[in-house]
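Below is a short briefing on a ligand site and on the salt bridges of one protein model. Please read it alongside the sequence and the coordinates.

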Amino acid sequence: MNPELNHVPIEQATAWRKLQEHAREMRTTHLRELFADQSRGAAFTWQAAGLTLDLSKQRWTDTTRHLLLDLAREAEVPQRIQALLSGERVNVSEDRPALHTALRLPADASLVVDGEDVVPGVHRSLERMAVMVERLHSRQWRGATGRPIEDVVNLGVGGSDLGPLMVTCALVDHRPAVTHHVEVHFASTMDGSQLADYLKRFNPETTLFVLSSKSFTTIDTLSNARTARDWLMARLVEDDIRGVSEDLVLRQHFIGISAKPDKMSEWGIAEANQLLFWEWVGGRYSLWGAIGLPIALVVGMANFRELLAGAHAMDTHFAETPLEDNLPVLLALAGVWNVNFLGIGAHSILPYDGRLEHFAAYLEQLEMESNGKSATHDGREVSYSTCPVLWGQLGPNAQHAFYQLLHQGTQPVVCDFIAPLKRYDDVEDAATRDHLQAQHRLTLANCFAQSRLLMLGDDAIDEPGERPGHKRYRGNQPSSTLLLDRLTPATLGALIALYEHKVFVQAAIWGINPFDQWGVELGKQIAGETERMLAEGRGHETMDASTRALIEAVWKAERQT
Ligand code: F6P
């Protein structure tokens, strides 16, 4: 184990004990009492990189915040940030750095890791990506029969899907005309249902598949890839349209993105069509490089570089700003306070902008796969909570679904409200612009009303007399509000980097490694064994009674078809 990580277990830190005492004192304080202080809104709001973070509706005071900052110092957060950004081997269990921040360093920067400056390689990779993007945009990339590619399907899952999917959807307004000849689609599910739908609709002559997999062993992606390859071969080679060869199909219809060039070659991806990235980029932190190819295809390389620049602006803020004004640190500390001292184990992500439709799903992986852990760096079982259960969806739609529980349920939940301040000012037609801007105002009004009601409860309205039980709102549910000046490649980059760093700071405090994911491995192994039993029709005798019966049900169903 890295000796630098061998600090005092966090629950024995002085600040931890003080926070426990302070939480006991705070238990009876309602958020509405804290807002008796009129300066509270401004005092708990910070700005950086085009983002405004309002943490005033968190159930905390200045004392809380200072104790949490002491906790961060005792957990050596500044040293950990330095270790992360300088390329130390912070991913201890896999003995490697976690250098997603290097993917967004400008070309004139330098970062020497193990004696080598990694920045030139990062920019060579971006250049290689730019060449592919240009060939596709200019209709120079042709399928095996000579027709230009029109549909690109990304086959990947987890980090090789969620980041690109989320960003392409969020930045759809930033599509330059040059990208309009190519449509980008995503298929991730191992059951093939998304892919099957595309195969019904797309023309094999003009369809290209991007196989995105860091490990190039993920069965979900490889199953989709096999189906896609068979579909192309059946339709382009076996039908013998124009004497098209298998090699030509592989060369013209597949791009591979991975950290494993040998495995890509073995699969049949031509070397010229391989985009490589490094083992030191974690899957859920990988949208900033080659895995971001679908993003660049949708928004163009210039916007992709803006996304990187926005993330880099947040990295710089994270690296250089004192803890007390550091947005990722403050967001992380609010989370630690909620989970470890107020006992709030549920966290909802609520964007108020339809373009952020996939943001909650993206954060679910980022936060829960990173910090959903109970062993510290030295293998100790933690005695405190780590990552809360995190879920969400578009706020306005969730208002008609699970907000009932937020307002009147028995679970305390912390919410992140996310919205852009400006929207639709680029719509040319004046009447349409007015209507859409009115809709945006309506959306912001709902966003602000919901966080206020969650905070104040019944006091949010001026109505005399006691309300009957079923109409009572107790309030006191904490939330954060994140405003983007507008949703652009740069502010989105900053927003994502903000959450990445928040996750890192929390992991530093909890003493866990946010960059591995051993908890997903055993399930894959057991699924492999189970698949063999299903296919062979035997071997399940040693299994538990429930799983045995489920397997038998499948065998029976197969016999009947
Ligand atoms: O099984 C989990 C996981 O390893 C994620 O961490 C990762 O993002 C996803 O699978 C996909 O992995 P790969 O890019 O190697 O196919």
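The ligand sits in the largest pocket. On a 1 Å grid over the protein atoms alone, a pocket is an open set of points with protein on both sides within 12 Å along at least five of seven lines, and a molecule sits in one if more than half of its atoms lie within 2 Å of its grid points. This is a predicted model, in which local features need pLDDT of at least 70, side-chain atom pairs count only at pLDDT 80 or more, and totals for chains, interfaces and linings use all residues. Residues are numbered from 1 along each chain as its sequence is written, and side-chain values use heavy atoms, without hydrogens and water.

**Ligand shell**
- The ligand is surrounded by 14 residues (a heavy atom within 4 Å), and the closest are Gly-159, Ser-160, Ser-213, Ser-215 and Thr-218.
- By class, the shell holds 2 nonpolar, 8 polar (Gly counted here) and 4 charged residues.

**Polar contacts (N or O pairs within 3.5 Å)**
- A backbone N or O atom of Gly-159 is 2.8 Å from a ligand oxygen.
- Ser-160 places a polar side-chain atom 2.7 Å from an oxygen atom of the ligand.
- In the side chain of Lys-524, an N or O atom lies 2.8 Å from a ligand oxygen.
- Of the 400 Å² of accessible area that the ligand has on its own, the protein covers 88% (Shrake-Rupley method, 1.4 Å probe).

**Salt bridges**
- The whole structure has 30 salt bridges (side-chain nitrogen of Lys or Arg within 4 Å of a carboxyl oxygen of Asp or Glu).
- One of them joins the side chains of Arg-104 and Asp-315, at 2.8 Å from N to O.
- Arg-104 lies in the loop between α5 (77-85) and β3 (112-113) and Asp-315 in helix α12 (residues 293-320), so this pair ties together parts 211 residues apart in sequence.
- Helices (H or I, at least four residues) and strands (E, at least two) are DSSP runs, numbered from the N terminus.

How values were computed: A polar contact is a pair of N or O atoms within 3.5 Å; within protein, one must be able to donate a hydrogen and the other to accept it, and residues adjacent in sequence count only if both atoms are side-chain atoms. On a 1 Å grid over the protein atoms alone, a cavity is a set of points where a 1.4 Å probe fits but cannot get out, and a pocket is an open set with protein on both sides within 12 Å along at least five of seven lines; lining residues have an atom within 4 Å of a point.
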